[in-house]
Amino acid sequence: MQSSAIFSLSPSLPLLKPRRLSLRHPVAASSSNLNVSPPNVVSVPPLPRRSWRLASSDSPLRAWSGLPSVSPSLDTNRFKTAATAVPENAEEGEGEGSGKLTKILELGLLFALWYLFNIYFNIYNKQVLKALHAPMTVTLVQFAVGSVLITFMWALNLYKRPKITGAQLAAILPLAVVHTLGNLFTNMSLGKVSVSFTHTIKAMEPFFSVVLSAMFLGEVPTPWVIGSIIPIVGGVALASVTEVSFNWAGFLSAMASNLTNQSRNVLSKKVMVKKDDSLDNITLFSIITLMSLFLMAPVTFFSEGIKFTPSYIQSAGVNVQQIYTKSLIAALCFHAYQQVSYMILARVSPVTHSVGNCVKRVVVIVSSVIFFKTPVSPVNAFGTGIALAGVFLYSRVKRIKPKPKTA
């Protein structure tokens with residue numbers, strides 16, 4: 001049986017003309033210009049992509065492909081896409097790496113500023129309190145300078161001014177009271193004893209935190225927390241016994257500062273202050289500073305009077321310009337390190353912040369001993385080291401949860 005088939009060449013080959021060919025083959029190839037195959041015809045599977053040279057290179061005929069070739073423009077686009085994919089991914093990876101490096105550098109800068117502002121605050125504050133025995137007046141000046149800065153930022157829209165309700169102010173008032181007392185007792189202690197000894201006593205803050213949380217919040221400490229409290233108490237006791245500048249007024253004032261500061265932390269959990277977008281930690285601290293100014297002003301005027309005038313300072317035999325300059329620097333550093341502390345807390349976990357606070361206390365103690373040339377005995381240094389090691393241990397283990405009891 002014979003079948004006929006028609007092969008038509010591409011119009012791009014003008015020198016070839018269609019011909020009728022007769023093939024002796026049981027299979028008929030379908031014509032490229034037919035849509036339906038004739039009956040009793042089996043379709044030949046498509047030929048693989050190959051090219052047959054029908055003429056030599058000097059012939060007008062060119063290479064002909066059995067299958068339609070892909071558009072060159074499409075191949076070019078595909079090649080370009082594949083070629084540019086790697087650089088884009090590489091740039092994205094480099095961008096992520098540089099972003100992480102920027103965050104690390106920014107966090108390191110904040111920690112450095114936190115420590116630096118603390119060092120300058122304690123040094124200048126101690127000098128002012130040593131020359132001017134008026135802790136209430138010094139505390140009031142610090143709140144006043146901070147309030148001026150806060151008002152300045154809000155007035156110029158450098159920081160968003162919050163919208164506070166009367167209920168929120170009533171809830172914040174107890175926090176402002178203990179905040180005021182905590183700073184006042186700290187300044188009273190710094191005026192009586194050395195900076196290093198005040199901060200050694202203030203290392204007992206975790207002890208008061210555990211006791212107050214158990215009494216008012218019902219939080220039972222874990223054995224790990226109790227174990228970390230023991231070296232804190234023992235180290236502070238050993239350092240106090242061997243402290244050259246030991247003074248009961250300074251010691252009790254520092255202990256009262258621990259009590260009030262940790263009461264503020266407990267109250268912030270006990271008293272539910274509703275926070276919205278306009279009341280973050282920095283805003284809350286700003287409101288507390290303003291309220292502390294109004295709380296401290298009448299108490300200071302009735303207790304110490306007005307002792308910050310040039311005439312009074314000159315009568316005390318103190319250089320007015322030096323006192324004003326050092327008081328201003330101390331107040332600015334006081335407000336600055338509080339702000340930076342909240343900025344760090346917004347970027348790291350509370351445990352990391354607690355560890356950083358422990359390291360900050362070590363830096364302040366060492367720097368004050370070097371600057372004021374405070375005499376420190378080996379036993380006193382050993383006790384301080386044990387207390388600070390306990391604080392560091394407490395900051396690491398206080399997040400360990402007790403295992404649930406199984407039946």
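**Entry 1: the whole chain**

I began with burial: 38% of the 407 residues in the protein chain are buried. Buried means under 20% relative accessible area, exposed means over 50%, and partly exposed lies in between, with a 1.4 Å probe and protein chains only. I note that this is a predicted model, where local features need pLDDT of at least 70, side-chain atom pairs count only at pLDDT 80 or more, and totals for chains, interfaces and linings use all residues. Residues are numbered from 1 along each chain as its sequence is written, and side-chain values use heavy atoms, with hydrogens and water left out.

Next I looked up the secondary structure. The protein chain has 12 helices and four strands. These are DSSP runs numbered from the N terminus: helices are H or I with at least four residues, strands are E with at least two.

Then I checked contacts, meaning heavy atoms within 4.5 Å. Among contacts between residues at least 6 apart in sequence, 81% join residues at least 24 apart.

**Entry 2: the nonpolar cores**

A nonpolar core is a set of buried Ala, Val, Leu, Ile, Met, Phe, Trp, Tyr and Cys residues joined through side-chain atoms within 4.5 Å. In soluble globular proteins, nonpolar side chains tend to be buried together.

Which residues touch the most other members of the largest nonpolar core? I found Ile201, Met204, Val225, Ile229, Ile232, Met255 and Tyr394, out of 21 residues in that core. Helices H4 (195–201), H5 (205–217), H6 (223–241), H7 (248–270), H11 (350–372) and H12 (378–397) each give this core two or more residues. H12 supplies the largest share, five residues.

Leaving out residues up to four places away in sequence, Tyr394 touches Pro206, Ser209, Val210, Val225, Ser228, Ile229 and Ile232. There is also a second, separate core of 19 residues, including Phe121, Ala297, Ile344 and Val348.

I took Phe197 in helix H4. Phe197 counts as buried because its relative accessible area is 1%. Beyond its neighbours within four places in sequence, Phe197 contacts Ala239, Ser240, Glu243, Phe246 and Phe251. I also compared Phe197 with Thr374: they are 177 residues apart along the chain, and their C-alpha atoms are separated by 9.8 Å.

Then Gly235, in helix H6. Gly235 has a relative accessible area of 0%, so Gly235 is buried. Gly235 and Asn380 are 145 residues apart in sequence, yet 8.8 Å apart in space, C-alpha to C-alpha. Past the neighbours within four places, the contacts of Gly235 are Gly383, Thr384, Ile386 and Ala387.

Last, Val355 in helix H11. Val355 is buried at 15% relative accessibility. Val355 touches Phe392, Ser395 and Arg396, not counting residues up to four places away. From Val355 to Ser395 is 40 residues in sequence and 5.9 Å from C-alpha to C-alpha.

**Entry 3: the cavity**

Rolling a probe the size of a water molecule over the atoms shows where empty space is left. I used a 1 Å grid over the protein atoms alone, where a cavity is a set of points at which a 1.4 Å probe fits but cannot get out, and lining residues have an atom within 4 Å of a point. Grid points are joined across faces, edges and corners, and a volume is the space filled by probe spheres set on the points.

How many cavities of 30 Å³ or more are there? The count is one. The largest cavity has a volume of about 40 Å³. Its lining is Asn125, Val128, Val138, Val141, Gln142, Phe308, Ser327 and Ala330. Helices H1 (72–131), H2 (135–155) and H10 (320–345) each give two or more residues to this lining. H2 gives the most, with three residues.

I sorted the lining by class: five nonpolar, three polar and no charged residues. Ala, Val, Leu, Ile, Met, Phe, Trp, Tyr, Cys and Pro count as nonpolar, Asp, Glu, Lys and Arg as charged, and the others, Gly among them, as polar.

I looked for disulfides, pairs of cysteine sulfur atoms within 2.5 Å, and the structure holds zero. Cys333 is buried at 9% relative accessible area, and Cys358 is buried at 5%.

Where is Asn157 placed? Asn157 sits in the loop between H2 and helix H3 (166–192). Asn157 is not a glycine, but has a positive phi of about 55°. Asn157 is exposed, at 63% relative accessible area.

Lys373 is in the loop between H11 and H12. Its phi is also positive, near 55°. With a relative accessible area of 71%, Lys373 is exposed.

Note on methods: 1 Å grid on protein atoms, 1.4 Å probe; cavity = no way out; pocket = protein on both sides within 12 Å on 5 of 7 lines; lining within 4 Å.
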